[in-house]
Amino acid sequence: MTAHPTGSGDAETTPAPAETPDDTTAGGEPATGAEATRVNVRRDPRVPITTAAGLGAVAVAVALVAGGAAPVMTAIAGVVAGLLAATSLITAASRVVPAHRRQPGAWRWMAAGSLTWLLGVGLRPVADGTPFVLTFADLLMLAGSVLLAIGCGLSVKPPAFTRGVIRQAADAYLAAASVFAVAWVAVLGPAFRKAEDTGAFFVALALPVVCLLATCAVTPAVAASRSSNRLVGLTGVGVLAAITVAELATALARLDGDTPPLAAGLVVPAALLVLAVTPWAQEVRPVRPLPAALTAATPMLLVAAATVTATLYVIGNSRDAALAVVAASVVLVLLGRLFVLLVETAGMRRLVDVGEQQLRRLAENTGDVVLVCDPGGVVQEVGPGLETTYGYCPDDLVSRPISDYIHPEDVPAVQALLDRMTAEDDGLEREGGTRISCRFRASDGTWRPTESVAARHVREDDLVLVTIRDLSDQVALRNQVTHLTFHDGVTGLPNRAYFEERAREVLTRRGAGGTAVVFLDLDGFTSVNDSVGHASGDYLLGQAARRLRSAVRADDTLARWGGDEFAVLLEGGAAGGTDAQTAIDLAERLVRAVSNEPFRVADRDVALTASVGVAFAEEDLPPGDLLRNADVAMSRAKELGGRRVEVFATHMHADVLRRLEIASDLQRALLEHQFAIEYQPVVDLATSEVTAVEALVRWWRGGTFVPPEQFLGAAEDTGIIVPLSEWILREACREVAAWRASSWDIGLALNLSARQIMAPRFVETVAEALSESGLPASKLTLEVIEEMLVEDAGDMISRLSELRALGVRLAIDDFGTGYASLAFLRQLPVDMIKIDPSFVSGLGRDDTLTLLTKTIVQLGNDLGLIVVAEGIERPEQLDLLRKMGCTRGQGYLVARPMAARGVDSLMPTTTLQNTA
């Protein structure tokens, strides 16, 4: 049988969440899969925000067409747009499923920047009346721009390997300085030359310059990001660019003493309206990020443009001091950048060398063998560990094809892998290694299972680096685990899991025809474990397994089911089915194999028998039911005394179900007081006086009488017999004590079960019941059957002796049924024996039973014991018992079991003649 592992090498995929009624687009249509995963199922706020943004855009367009006071119109539009953008960002941060964990915080940074900026732009008309060139409103707008830049930078997921801070800062400065240089030549230079106060000129440019630096700092990261939701970051960069342009226009207008143009003032509000809508917009076709090389080269391109612009300017005009300073700073930063680049390159080279050495050392320490092969599979270089693992010297493999050491069946796959690894157009294989399993021949000629990883050589693309790991120990361990999973460690037989799988396979493939299952249980095995120990018990199970294996056919499946149970699967099919007689013959052979010869364990002979159940497959019968039927039949054989074969019949399963149902109802019956006690009188055969009553339990289950034989066994199995018997003991003692209080000399007899006697506090319970009721101990007779004296004889006699020490009288019930009674009469101080009804029933009709009954009565009288005859139903039985000298009797002729009120009517006496 082969175990097939489940699963595959494919990556697990998480199913998309189911659509809900709230997952809708702004237009009310059902949301797409992307939208359903981004927006929470709460009420979608996109409709009001999109509507407000649209209205804001219309208002900006109307203001631009209608004209008006530029500062006031700019302030109103800026406050409205900024407030709308901040509200949208804050709402989206709490409702939109983030693409990465930093996104909600980034959007809140941007919202804070929008609020700070709108506060500044709203106060600007008031602040412009002050004599300062840079007002407090400008400072608020400056702070808002910085917060927006921080939010843009945090809105995208950073790459796994980021550039150094110095390099990023240098690139930002180069880009900003280059743009500033071009702007100086085009706009700022002429304005500077016309300015009367150069200090005020540069102070006025502080806000647009800082915004320019912030824009250049975050643009590369946002443009090159691969985040699925980077559209907000790109829009934020656009807002920063709009602020830079607007503030530059404002600064130039202030220097000229003019009012900033309205169009320039409305650029930022328009950008903020776009930012308000962006968090809720979906990318139908995601914008591909800029290539990393282009992003890294952008500062250099800007520097080149600035250099060309400055060169043309210098050629056409006189030298300008400010431009010279900027140009000099650009050159110095470039030199610093190149120096840092050289240092980083040298460091990376060292890291590559150290990494290669560490990989080799790691491979050596893990026992892997490293080979370097050319495209044809010829070994060029061999790492250490080859001789230790496979027994070869490195020179044995160098310049030889690796296929000479690969199993012939695995050579085509290995060669195909080498061909793919060395293909010019195989970009996928260049990025990483490929695993392959093959068998490698060791120097002793054995084929070792291995797992190999092939990858391109780091320095030479025309070579392949192969790492070979020996999996011999892992494979051996896996095979051992598989064997232990489906085999029993004690007997070496297949276990229950294998048997169930085999039965399912046989019934599925071959059908029910001729298939049978045999269950076998070793009778009395528990006593072996208790007497000689579990280790000896395991040894006996091994002997039993060998005997059973010799008794079954070669094509039958023998397994250890568990504990001391075994199972045999007799397979039918086209090759020759298994008829009923064949299965029964096999079952009987199994019984003989176990029972005919004792087992030799711990220097002693142990005789065991076997209970066997047989079940036959039927059409549409599930495998589990077939196994259950065989188990039920085996349990039936065990209930009937063991050492026999029982074939499953439908009523057996019904009996089991009924027993289970009764067992489940017993606990509830005890709690709901569904049990009652009846008393059967025991009379003196000479005087016809009632000397005692035997307490008998009755169960009225939902108004229906349940015979004791149907529930006492289940009560014993489930343990309910212990609290039930305790209740009977206390109630009966109380009732009999009340009768005795009426000057009626009457005793009580109770039957005991083995489980009740061996209960931890049973002796104390009896003493408490006697003390609570006031019943004298000598008036309580506890009855045990002979079979209980045979099983666990030592513990049982010890516990009964403790009861005898309380003054309680002991009786052997069903005496004479054949359990070495005389031996126990000598060991146990018994006061009474009760003749089994099977003997009394034959009096006057069967001479043998009559003689046996007379012998038992004579034996009891000779030993000084009280003899009670049970089951007296005919007058001739009564006459013979009197003639034999039997002193006590009970039965339907004397009195039937009755409730306590019926016993009251027997006081003070009842004559047998009237009863007769």
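# Figure legends

**View 1. The second largest cavity and its lining.** The second largest cavity is lined by Ile-402, Ile-406, Val-414, Leu-417, Leu-418, Ile-436, Cys-438, Ser-452, Ala-454, Val-466 and Ile-468. Two or more of these lining residues are given by each of helix 16 (411–421), strand 3 (434–441), strand 4 (447–456) and strand 5 (464–470). Helix 16 supplies the largest share, three residues. The model is predicted, so local features need pLDDT of at least 70 and side-chain atom pairs count only at pLDDT 80 or more, whereas totals for chains, interfaces and linings use all residues. Residues are numbered from 1 along each chain as its sequence is written, and side-chain values use heavy atoms, with hydrogens and water left out. A cavity is a set of points, on a 1 Å grid over the protein atoms alone, where a 1.4 Å probe fits but cannot get out, and lining residues have an atom within 4 Å of a point. Helices (H or I, at least four residues) and strands (E, at least two) are DSSP runs numbered from the N terminus. The volume of the second largest cavity is about 100 Å³, a volume being the space filled by probe spheres set on grid points that are joined across faces, edges and corners. By class, this lining has ten nonpolar, one polar and no charged residues; Ala, Val, Leu, Ile, Met, Phe, Trp, Tyr, Cys and Pro count as nonpolar, Asp, Glu, Lys and Arg as charged, and the others, Gly among them, as polar.

**View 2. The largest cavity.** Four cavities of 30 Å³ or more are present in the structure, and the largest holds about 180 Å³ of space. Its lining consists of 18 residues, of which Thr-74, Val-121, Arg-124, Thr-250 and Gly-265 lie nearest the centre. Helix 3 (70–95), helix 4 (103–127), helix 9 (231–256) and helix 10 (262–265) are the elements that give two or more residues to this lining. The lining of the largest cavity divides into twelve nonpolar, three polar and three charged residues.

**View 3. The largest pocket.** A pocket is an open set of grid points with protein on both sides within 12 Å along at least five of seven lines. The largest pocket has a volume of about 2,100 Å³. Its lining comprises 50 residues, and Leu-712, Leu-752, Ser-753, Ile-785 and Met-788 are those nearest its centre. Helix 25 (residues 708–718) gives the most to the lining, with six residues. The lining has 21 nonpolar, twelve polar and 17 charged residues.

**View 4. The nonpolar cores.** A nonpolar core is a set of buried Ala, Val, Leu, Ile, Met, Phe, Trp, Tyr and Cys residues joined through side-chain atoms within 4.5 Å. Buried means under 20% relative accessible area, exposed over 50%, and partly exposed in between, with a 1.4 Å probe and protein chains only. The largest core has 80 residues, and those with the most contacts inside it are Leu-666, Phe-675, Tyr-679, Trp-739, Leu-748, Leu-780 and Leu-800. Helix 26 (residues 721–740) gives the most to this core, with nine residues. A second, separate core of 38 residues includes Ala-106, Leu-207, Val-268 and Ala-276. In the whole protein chain of 916 residues, 43% are buried.

**View 5. Salt bridges.** The structure holds 37 salt bridges, each being a side-chain nitrogen of Lys or Arg within 4 Å of a carboxyl oxygen of Asp or Glu. Arg-400 pairs with Asp-404 in a salt bridge whose closest N and O atoms are 3.5 Å apart. Arg-400 is partly exposed at 38% relative accessibility, and Asp-404 is partly exposed at 33%. In the salt bridge of Arg-734 with Glu-735, the closest N and O atoms are 4.0 Å apart. Arg-734 is partly exposed, with a relative accessible area of 44%, whereas Glu-735 is buried at 18%.

**View 6. A salt bridge between distant parts of the chain, and a network.** Arg-804 forms a salt bridge with Asp-831, the closest N and O atoms lying 2.8 Å apart. Arg-804 belongs to helix 30 (residues 793–805), and Asp-831 to the loop between helix 31 (821–827) and strand 19 (832–835), 27 residues apart. Arg-804 is partly exposed at 26% relative accessible area, whereas Asp-831 is buried at 16%.
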